[in-house]
Structure formats: structure tokens, C-alpha cells
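Dear colleague,

I am handing over the structure below, and I would be glad if you could look through it before you read on. My notes on what was found in it follow directly after.

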Number of protein chains: 2
Amino acid sequence: MSDHDVIVIGAGLAGLTAAWRLVQEGVDAVVLEARDRVGGRTLNHHLDDGQVVEAGGQFIGPTQDRILRLAGELGVETFLANTVGESVYVRNGRSRRYRGDIPPDLGALPAIGIATTRLNRMSAQVPVHAPWTASRAGKWDSMTLESWLRSSTPGSGAVDLINIFLGSAFGGAARDSSLLFALWYIATFGNETHPGTLERGIGVARGAQESRFVGGSQELSLRLAARLGDRVRLSTPVDSVRQQTGRVIVGSGTDTVSADAVVVAVPPVLASRIDWEPGLPVQQQGVLQRLPFGALMKCEAIYPEPFWREDGLNGSATFRNGSAICSMFDNTPPSGSPGILMGFLGGPNWHTWSARPARERRGAVLRSFASALGTRALRPTTYFEQDWTSEQWTLGGPTSVAAPGVTTAYGGWHGKRFGRVHWAGAELSPYWNGFMDGAVRSGEQVAKDIVGDN
Amino acid sequence: MSDHDVIVIGAGLAGLTAAWRLVQEGVDAVVLEARDRVGGRTLNHHLDDGQVVEAGGQFIGPTQDRILRLAGELGVETFLANTVGESVYVRNGRSRRYRGDIPPDLGALPAIGIATTRLNRMSAQVPVHAPWTASRAGKWDSMTLESWLRSSTPGSGAVDLINIFLGSAFGGAARDSSLLFALWYIATFGNETHPGTLERGIGVARGAQESRFVGGSQELSLRLAARLGDRVRLSTPVDSVRQQTGRVIVGSGTDTVSADAVVVAVPPVLASRIDWEPGLPVQQQGVLQRLPFGALMKCEAIYPEPFWREDGLNGSATFRNGSAICSMFDNTPPSGSPGILMGFLGGPNWHTWSARPARERRGAVLRSFASALGTRALRPTTYFEQDWTSEQWTLGGPTSVAAPGVTTAYGGWHGKRFGRVHWAGAELSPYWNGFMDGAVRSGEQVAKDIVGDN
């Protein structure tokens with residue numbers, strides 16, 4: 001049994017950041033990772049020519065200071081996502097070009113305007129560190145975001161367009177989320193000095209989809225792991241955490257490791273499955289049962305060139321009704337070739353398509369691409385999918401969403417220190433919750449907490 | 001490695017019923033149970049004089065034919081819950097006597113009348129075998145039951161009184177449930193010939209709280225286990241299910257058992273934690289992540305005699321606001337002595353009280369009892385609590401509740417056969433879902449399915 005100061009469970013961005021910040025402070029930390037790779041919900045897909053494209057979390061933007069600082073330290077550069085040219089809005093198969101972040105749906109614009117203004121105003125009343133203390137938390141946690149949208153805006157435009165965003169952001173829809181959770185989520189689209197706004201979350205230019213990492217987002221985890229060296233142990237799924245007087249023993253199969261403290265940096269649904277001794281506080285067990293992952297698949301098609309650029313298009317499209325995907329982006333590497341399109345198949349679209357034959361789904365996705373960019377999109381050289389729900393060590397994506405009743409009843413227990421057990425993960429950040437930046441923030445915070453304890 | 005026709009995982013009412021019906025058909029079945037006891041969510045608490053009182057599920061009533069038939073076969077008798085005398089309604093500490101199932105809250109009566117009529121009418125449109133096919137399923141699954149109650153009834157009376165019922169029925173509140181799930185739940189308060197009604201679910205006389213089992217509800221499981229003999233293996237928590245060509249291998253620690261088929265008869269949240277190979281279909285993994293247990297504790301006080309009976313009271317009380325418990329019942333054994341009061345501390349009440357010191361909670365519960373029955377209730381000879389959330393092999397109670405969006409997106413996958421894996425449990429019954437009768441029904445159904453396959 002090896003013995004350390006701190007054991008970090010999970011080598012995603014949160015866990016690796018926590019371990020690295022601890023090691024920088026002279027703490028003896030090890031990271032136990034179930035997979036044979038690091039990076040958690042970030043994953044680089046390797047192209048034939050040696051370049052990579054992102055198959056998991058990928059976008060970054062302004063106010064995401066922590067991940068940008070970390071990237072700077074690690075020498076990972078960023079580049080602007082392609083915004084040259086026009087986006088396309090496809091509704092019931094009919095396409096229309098536009099600029100900016102709001103689709104040109106004249107019927108829906110008033111509803112979207114009302115929803116945006118009111119959601120921003122309400123979210124400003126939600127304390128990011130403790131959303132359950134908002135003065136109207138009880139009321140806002142009694143209903144779904146969809147109920148609120150339907151009662152507050154005319155028609156179905158606001159629900160439909162918000163659902164396009166949530167298809168990728170939640171892997172779900174407005175009915176899956178408590179209004180309070182959604183308002184909190186918006187409030188986290190910022191940092192200590194810039195309060196969150198819906199626009200910053202959904203936006204490309206000046207928004208959360210503004211930039212990408214050169215070499216793919218997994219590069220951050222790969223470089224952190226390289227610096228941590230043999231402190232990172234792959235293929236070591238943790239199945240038990242036993243707290244004893246003075247120590248904590250972490251078990252993986254027949255191996256055990258002991259430490260003064262543990263950082264659990266795996267998603268809520270996986271944390272709940274560890275065998276805890278003593279058992280987790282019942283309220284903590286309760287909250288882990290109540291943060292299911294969304295359902296999300298990324299579908300990517302590779303073409304010799306980004307042919308849409310010569311048509312004045314930026315490769316972004318938004319689909320309302322009648323499409324297999326909810327939104328798409330130009331995922332071409334910074335070299336400009338090959339051309340890559342990435343479609344989010346999440347939430348309701350995932351439910352429609354995930355159980356169908358792969359060939360049929362591919363066809364539907366490519367027809368969606370073609371409805372926005374023309375028939376050349378139907379003939380990629382390669383096509384691949386990444387279904388995050390089928391990843392044994394993630395079980396969904398991109399983040400965990402709280403239904404009504406959960407935040408007010410259990411929120412205060414999520415991430416609460418339990419003896420020698422500390423918590424990290426994208427779901428635990430008061431800024432950019434559920435995003436890569438949130439993962440980094442949570443990792444830095446837990447390292448600070450642990451070092452502060454000593 | 002022992003080898004059988006069928007392995008049943010879980011020796012609760014569903015699993016034991018399934019095994020027993022299979023054995024009756026000549027099938028070689030074994031039951032693997034994690035606990036050192038059988039009965040799952042039913043549990044007899046032993047009194048000093050050798051009698052028992054129920055610490056888990058306990059009530060039965062009309063149309064619960066399957067559990068009544070099983071009890072008859074096993075020689076377990078029933079007796080009427082005490083309905084002699086008046087019930088008490090306590091609001092903000094002030095008590096008032098009443099008869100029947102509807103508390104005498106004059107301000108809330110119109111709202112309750114409207115809610116009952118409309119909920120019954122809507123639930124009649126929900127097919128019990130496939131609630132997601134209801135013609136208005138999409139709309140009803142977009143909102144919480146609370147949202148619907150607030151938009152459909154005046155004041156807060158309907159929400160408050162429905163929440164008293166759901167505190168024990170869901171271990172939750174109207175905001176935790178999808179309207180569609182709640183309508184389906186009501187639709188299941190019946191059988192093949194008597195459609196479900198809200199009144200039958202909440203009622204004592206002619207309702208689901210009408211009767212109890214002599215010797216306690218766990219007696220059914222104890223007698224089933226006695227008949228199954230060494231086919232039931234206790235203290236055998238299952239951690240893996242591996243399907244191979246022609247066989248399925250179930251692992252518990254280093255032991256393995258093989259069979260032609262497996263019946264998983266543990267609650268959804270526990271089923272999701274088994275190590276599956278091949279992995280569960282992603283949709284099935286998704287639904288198991290989305291059926292969290294409610295939060296419920298039973299608090300029982302024992303007195304020399306049921307003193308309230310001489311005051312013309314039946315020991316039942318309903319509490320609106322300002323009480324630690326939501327409802328209470330006379331839990332005296334059929335012999336008539338000692339006198340026992342049982343209070344449900346569930347949902348919002350559980351959140352308020354579960355983390356407080358046991359002594360303080362006991363005081364609050366006894367003050368609730370006393371507010372209904374007088375100060376003699378403050379001085380029991382014994383007091384005990386059963387918190388179902390702290391049971392490692394249950395993790396909550398009394399049943400699993402679906403939030404908005406879950407039933408329409410995932411409902412069709414819940415309980416769907418997966419190769420050699422079949423499913424049973426109270427959560428899988430189209431009648432009395434979540435009740436003991438539902439558990440028995442699901443066990444009988446799965447046995448029938450398996451025998452029919454051969």
C-alpha cells in the first residue's frame with residue numbers, strides 16, 4: 001500500500017489541475033484514473049494526417065480566465081473559432097443566412113428578446129456560490145425552465161430556440177431543468193468581476209464559443225499529466241473510499257492507496273457509485289442521485305477542404321425542428337485543412353436518433369449539414385461519432401442538470417467536505433459551471449482549500 | 001461456480017415473489033441478496049414483548065389483489081387499520097377533529113375539490129402500461145405537478161395538502177414530480193377492472209391505507225424465503241452481471257453464479273451501480289440515473305396503551321405547516337397493546353430534520369404527536385426511527401419519482417428486457433406502482449415472462 005498526502009480520483013481537467021496545483025505547493029499527490037487515458041470529458045480525435053479534432057468539450061471564451069491562465073502556463077495556444085462569413089438558420093428544412101448569435105426567426109424574435117432580458121435580470125438575483133439562498137429560490141425551484149418560458153413569452157419560439165442551445169449545453173431541454181438551476185447556470189457565465197449573461201454563454205464572438213485550443217482541448221490534460229509523470233496512474237478505477245482514524249484508504253480492485261485527504265474529481269453520478277465507508281451523509285448521497293448527466297453525441301464529418309468558406313459561410317448553423325442535430329460548427333483545425341463539420345446531437349435529438357442504426361443516423365446528420373451548406377456536405381471523406389452516454393467512465397454529457405426541487409433541497413450538500421474527502425469537478429464551480437473553465441476553477445479551489453488546511 | 005436456470009438479484013417482495021413463482025413452475029432459481037435479511041423496503045421492528053411493528057411499507061387496500069392473494073397462499077392474515085373514532089387535522093399547531101379522508105380545511109376545500117376532479121379525469125387518459133403514449137404526454141411531462149396545481153387551483157391549499165400526501169407517498173413534494181408521472185401514479189391506484197383514482201390512493205377506509213398484515217408486512221418475505229430455503233443467499237451483494245454466449249454470469253466479490261437468465265429486482269438507483277458487461281443500453285443507463293428515491297423516515301413512539309382511543313380518536317392526523325411530520329397513523333399491533341404512533345417524516349420535512357441531532361428531532365416529532373392527541377403523547381416508553389435514506393441497500397424511500405422530461409424520453413426503456421436480463425420491482429408495475437402490491441405484480445409478471453419464453 002503506497003502512502004501519500006493527497007489522492008485525487010479522476011484525471012479529468014478538474015482532478016489534474018487539483019493535483020498539479022498541489023504538487024506545485026510541495027504536496028505529495030497521486031491521481032487515480034479509471035480510463036487508460038486522461039482528459040475526462042475532453043478527447044482528441046486523431047486524423048489520418050496526424051492533426052487532431054475535438055470529440056469532447058472544446059470551446060473557450062472571455063471571462064474563462066482560469067483555463068486560459070492554465071493554458072498559458074502549459075504553453076497551449078488558442079485560436080479563434082471560424083467566424084468569417086455568415087451562419088445559417090434552418091427551420092423545417094429551409095435555410096437562411098444570418099450574422100451574429102440570434103437566428104433570424106422573425107416570429108420568434110420578440111419571445112427571445114423578452115426571455116433574454118428577463119432571464120438575465122432574474123439570474124442576476126441568484127448568488128453563484130449558493131443559488132438556494134436567492135430570495136425567490138423556492139418559487140423558481142418549483143417549476144421547469146420550460147414552464148416559465150411558456151408562461152412568460154408568446155408562442156413556442158423561446159422554448160424552441162432555448163432548446164437548441166440546451167441540446168448541446170445540457171444534452172437536454174428546458175423541461176429537464178429547474179428554472180432556478182437554469183438561472184444559476186446563466187449567472188455562472190462570468191467571473192468575479194463580470195456577472196454572467198445569457199449572451200456570453202450562447203455567443204461565439206465575445207462568447208463561450210469564441211476560441212479553441214491548438215492541438216485540441218485534451219492537450220491541457222495531456223500536458224498536465226506529463227508534468228505529473230508517474231503520479232498519474234491510469235486504468236485504476238476506484239471502487240472504495242474508507243476513512244479511518246487519521247487516514248483515508250482508497251481501493252481499486254485488490255490495490256489500496258492511503259493518504260491524508262482525497263479529492264473526488266469524477267462526475268456526480270459516478271461519485272455516487274463508489275463504496276463509501278463510513279457511508280456518505282444521506283443528503284450527499286441524495287444530491288448525487290439527483291444530478292443526472294445529459295445525453296449528448298458529437299457527429300463529425302471530414303472533407304478535403306472547408307468548402308463552405310468559399311461560399312461566404314462560417315460553417316455554423318442552428319436547426320429548429322426537423323433536423324437530426326440541434327447545431328453545428330466549423331471544426332476545421334487551425335491549419336485550415338481538412339475541413340471538418342461538427343454537429344451536436346443532444347437531448348431530444350439524441351433520444352430520437354441514438355437507438356437507430358449508425359448508418360441511418362449518419363445519413364440524417366449529413367442531410368442536416370447539407371441543408372445548411374449544400375449537397376457537398378453529403379460526401380465527406382470520413383465521418384465519426386462520439387456518444388458520451390456510452391462512455392463507461394462518464395455516462396453522459398456534457399454536464400449534470402438539476403430538476404426542480406433539487407437545488408433548494410440538496411444544493412448546500414453538493415461538494416461539502418466530508419471528513420477527509422474533498423470534491424472537485426465542472427459541476428462544482430460557481431463560474432462556468434459545467435464548462436472546462438469550471439473544471440479548472442474547481443480543481444484550483446480544492447487545492448487551495450487543502451493547502452490552507454495544513 | 002454454481003449453475004442455475006434463473007438468478008434473482010434482490011430478496012425484496014418483487015424478487016422473492018418472482019423466485020417463488022418460478023420455483024412453483026419447476027424452474028431452478030436462486031436469489032442473491034446484499035443484506036443479511038430479506039424484505040427490502042419492508043421491515044419488522046421487534047418490540048420487547050415479542051410483537052412486531054412495521055418500520056417500512058405496511059398498508060394494503062382494495063384492488064391490491066396480487067399481494068392479498070399471495071398473503072392468502074402464505075397464510076398471512078390482514079387486519080383493518082384503526083379507523084374507529086375521529087382523525088385530527090393540525091394547521092400551524094391548531095388541531096381540529098374530522099372524519100373521512102379530506103381534512104376540514106375550509107379555505108383549501110374548493111382547491112382540493114377542483115384538483116381531485118381534474119387529476120382523476122386527466123389520469124384516466126394515461127395508459128398504465130405506457131404513460132408516454134398519452135395523447136398529451138408531451139405537455140404533461142414538461143411541467144411539475146406543483147406548476148400544474150398552482151395554475152389550476154386557487155391559493156396554496158391544493159399544493160399544501162397534496163404535499164402532505166406526497167411527503168409519505170413519494171418522500172418528496174409536488175415539485176419533484178413531473179405532472180405526467182403524477183397522473184400515471186394516480187392511474188396505477190387500481191387494477192385491471194377498477195381504474196385508479198386519487199381517492200383510492202390517499203384513502204384509509206376503501207383506500208390504500210385500509211389494512212395491515214398480522215405479524216408485519218415483512219412476514220410475507222420471511223415466509224417466501226422459508227419456502228425457498230437455501231435458494232436464498234443472504235449477504236451476497238451483486239457487483240457484476242456479464243452476459244456471454246448462452247449464459248449470464250453474476251458476480252459477488254470473488255464468487256460467481258451462472259444461469260440462463262437473470263431477474264434484477266433491486267431499485268433503479270442500485271441497479272445502475274452494477275458493473276454490466278456488455279454495458280447496459282445507454283438509454284437504460286439513462287433512465288436508471290433519472291429515478292432517484294424519495295427521502296423518508298418513519299418515527300414511531302410506543303405507549304403502554306393506545307390512550308387516544310379513549311378520547312374517541314383513531315390516531316390518524318394530518319399536519320399542514322409548522323410540524324416535523326406530514327402525517328401520522330395508529331400503528332398499534334392487532335392485539336391492541338402497546339399503543340404505537342407512527343409519523344412519516346418525508347420530503348421537505350426530511351430535509352428540515354434529517355441532519356439535526358436525533359434528540360432534537362425526537363422532541364419535534366413527539367410535539368407533533370402531542371399537537372394532535374394531547375400531552376400524553378410526549379412521554380412514550382420507547383421511541384425509534386427508521387431512516388430509509390441511510391440504508392445502504394435501498395438509499396431512500398418509499399419509491400422512485402420521475403422529474404419532468406424523464407417519462408417521455410426514457411419511459412419505454414425502463415424494465416425493457418436486455419438479452420438474458422429481466423427486470424422486476426415496485427417501480428415497474430402498471431398497478432400500484434411503488435407499493436408492495438406493485439412489487440408482487442412485477443415479480444409475478446417477470447416469472448410469467450420467463451416461463452413463457454421456455
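A polar contact, as the term is used here, is a pair of N or O atoms within 3.5 Å, where within protein one atom must be able to donate a hydrogen and the other to accept it. Please keep in mind that this is a predicted model. By that rule, seven residue pairs are in polar contact across the interface of domain 1 of chain A and domain 3 of chain A, with both residues of each pair at pLDDT 80 or more. On the side of domain 1 that touches domain 3, the largest share, three residues, comes from helix 14 (residues 406–410) of chain A. There is also one salt bridge between these two domains.

As for the extent of this interface, 17 residues of domain 1 of chain A are in contact with 24 residues of domain 3 of chain A, and the area buried between the two is about 1,600 Å², of which carbon and sulfur atoms give 63%. Within domain 1, the residues that lose the most area to domain 3 are A:Thr407, A:Tyr431 and A:Trp432, which together account for 35% of what that side buries.

Turning to an annotated residue, the unreviewed UniProt entry places the feature "binding site" at A:Phe344, a residue in strand 17 (residues 339–346) of chain A. A:Phe344 counts as buried because its relative accessibility is 10%, where the cut-off is under 20%. Beyond its neighbours within four places in sequence, A:Phe344 is in contact with several residues, among them A:Ser168, A:Leu296 and A:Phe329.

With best wishes

Conventions: Residues numbered from 1 in each chain as written. Chains lettered and ligands numbered in written order. Predicted model: local features only at pLDDT ≥ 70, side-chain atom pairs only at ≥ 80, totals over all residues. Heavy atoms only, no water. UniProt positions renumbered as here; feature names shortened; annotations may be inferred. Helix = DSSP H or I, 4+ residues; strand = E, 2+ residues; numbered from the N terminus. Buried < 20%, exposed > 50% of the residue type's maximum accessible area, 1.4 Å probe, protein only. Contact = heavy atoms within 4.5 Å. Buried area = accessible area lost by both parts, 1.4 Å probe. Salt bridge = Lys/Arg side-chain N within 4 Å of Asp/Glu carboxyl O. Polar contact = N/O pair within 3.5 Å; in protein donor to acceptor, adjacent residues only side chain to side chain.
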